[in-house]
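These are my notes from a first look through a structure that I had not opened before. I kept the entries in the order in which I looked things up.

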Amino acid sequence: MKRLSQYFFRGLIAFLPVALTVYVLILFVTWAERSAMALLRPVTGDFYLPGLGIALGALLILGLGVLISLPSAPRMLSWVELPFTNLPVVKSIYSSLKNFADYFAPHAQDTQQVVLLTMPGSELSTVGLITRQSMQGLPQGISALDDRVAVYLPMGYMIGGYTVFVPRSWTTPLDMSVEEAMRMALIAFMASGKGKVE
């Protein structure tokens, strides 16, 4: 029974990520197709090409990207964001998600760097993400910190973490993407078992 339960959980672990990904994709495709049908049927009648919903969705996202790249976009965006930035509970959720999404967006100056953080004289090291290369623009107590970087230390198995302001010399850059570091941190850098020594 023990071996059977091990096989079952191994199969479940292999199956769940694929099944959830496919399920989310099916939900998105179904929603996009239904929305496109509802929009186009009054114009085209019974004529409809499968996949048109996905194409229209991609065009809408592309158009939104072009729109928010315009010089006047920040002012328009601030009006749209007004309800989300003023309601007490919604404001906290929206600002957190927006900041998190902004971190992964492309930036002119590459601040997205995965590092190994080690205190001098300590053998303990942790993987973190540099979120700020300079303290300029922060409140007075923090902006006075010279040669410091802000390092976000993600927690395993949950959304959250700590931000610490440490000397740059405490950090060692790692050859790892931000996405890979966040994915590994989420599962606490757990080994897959493929390279396990018996």
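**Entry 1: glutamate 33.** I note here that the model is a predicted one. Glutamate 33 lies in helix H1, which covers residues 2-44. I then asked which residues glutamate 33 is in contact with, leaving aside neighbours within four places in sequence. I found Tyr48, Pro50, Gly51, Leu52, Gly53 and Ile54.

**Entry 2: alanine 55.** From glutamate 33 I went to alanine 55, which is 22 residues away in sequence. The C-alpha atoms of the two are 9.5 Å apart in space. Alanine 55 is in helix H2, a helix that runs over 52-67. I have alanine 55 down as partly exposed, at a relative accessible area of 38%.

**Entry 3: the chain as a whole.** The chain holds six helices and five strands. Read from the N terminus, the order is α-α-α-α-β-β-α-β-β-β-α. The chain has 198 residues, and 15% of them count as buried. I also looked up the contacts between residues at least 6 apart in sequence, and 36% of these join residues at least 24 apart.

**Entry 4: aromatic pairs.** How many aromatic pairs does a search of the whole structure find? The search gives one. The pair is phenylalanine 28 with tryptophan 31, with ring centres 6.4 Å apart. Their planes meet at 35 degrees, so I recorded the pair as tilted. Both residues are in helix H1, and because they are three residues apart there, about one helical turn separates them. Phenylalanine 28 has a relative accessible area of 38% and is partly exposed. Tryptophan 31, at 57%, is exposed.

**Entry 5: a nonpolar patch.** I found a nonpolar patch of about 750 Å², made by Leu64, Leu67, Ile68, Leu70, Met76, Leu77, Trp79 and Val80. Two elements give two or more residues to the patch, namely helix H2 and helix H3 (73-86). The largest share is that of H3, with four residues. I checked tryptophan 79 on its own; it sits in helix H3. Its relative accessibility is 59%, so tryptophan 79 counts as exposed, the cut-off being over 50%.

**Entry 6: valine 151.** I turned to the strands. Valine 151 is in strand E3, residues 148-154. Its relative accessible area is 0%, which means that valine 151 is buried. What is valine 151 in contact with, once neighbours within four places in sequence are left aside? I wrote down Val115, Gly128, Leu129, Ile130, Tyr162, Thr163, Val164, Val166 and Thr171. I also noted valine 127, which is 24 residues from valine 151 in sequence, with a C-alpha to C-alpha distance of 9.3 Å.

**Entry 7: threonine 171.** Thr171 was in the contact list of valine 151, and I followed it up. Threonine 171 is in strand E5, residues 171-173. It is buried, at a relative accessible area of 12%. Not counting residues up to four places away in sequence, threonine 171 touches Val115, Leu116, Leu117, Ile130, Val149, Val151 and Val166. A polar atom of the threonine 171 side chain lies 2.7 Å from the backbone oxygen of arginine 168.

**Entry 8: serine 125.** My last stop was serine 125, in strand E2, residues 125-132. Serine 125 and threonine 171 are 46 residues apart along the chain, and their C-alpha atoms are separated by 9.7 Å. Serine 125 counts as partly exposed, at 36% relative accessibility. Residues up to four places away in sequence aside, serine 125 touches Leu116, Leu117 and Thr118. With threonine 118 there is a polar contact of 2.7 Å, joining the side chains of the two residues.

Conventions:
Residues numbered from 1 in each chain as written. Predicted model: local features only at pLDDT ≥ 70, side-chain atom pairs only at ≥ 80, totals over all residues. Heavy atoms only, no water. Patch = residues over 30% accessible without salt bridge, like charges linked within 9 Å, V, L, I, M, F, W, Y side chains within 5 Å. Areas by Shrake-Rupley, 256 points an atom, 1.4 Å probe, with all protein chains shown as cover. Salt bridge = Lys/Arg side-chain N within 4 Å of Asp/Glu carboxyl O. Buried < 20%, exposed > 50% of the residue type's maximum accessible area, 1.4 Å probe, protein only. Polar contact = N/O pair within 3.5 Å; in protein donor to acceptor, adjacent residues only side chain to side chain. Contact = heavy atoms within 4.5 Å. Phe/Tyr/Trp six-rings, centres within 6.5 Å; stacked < 30°, edge-to-face > 60°.
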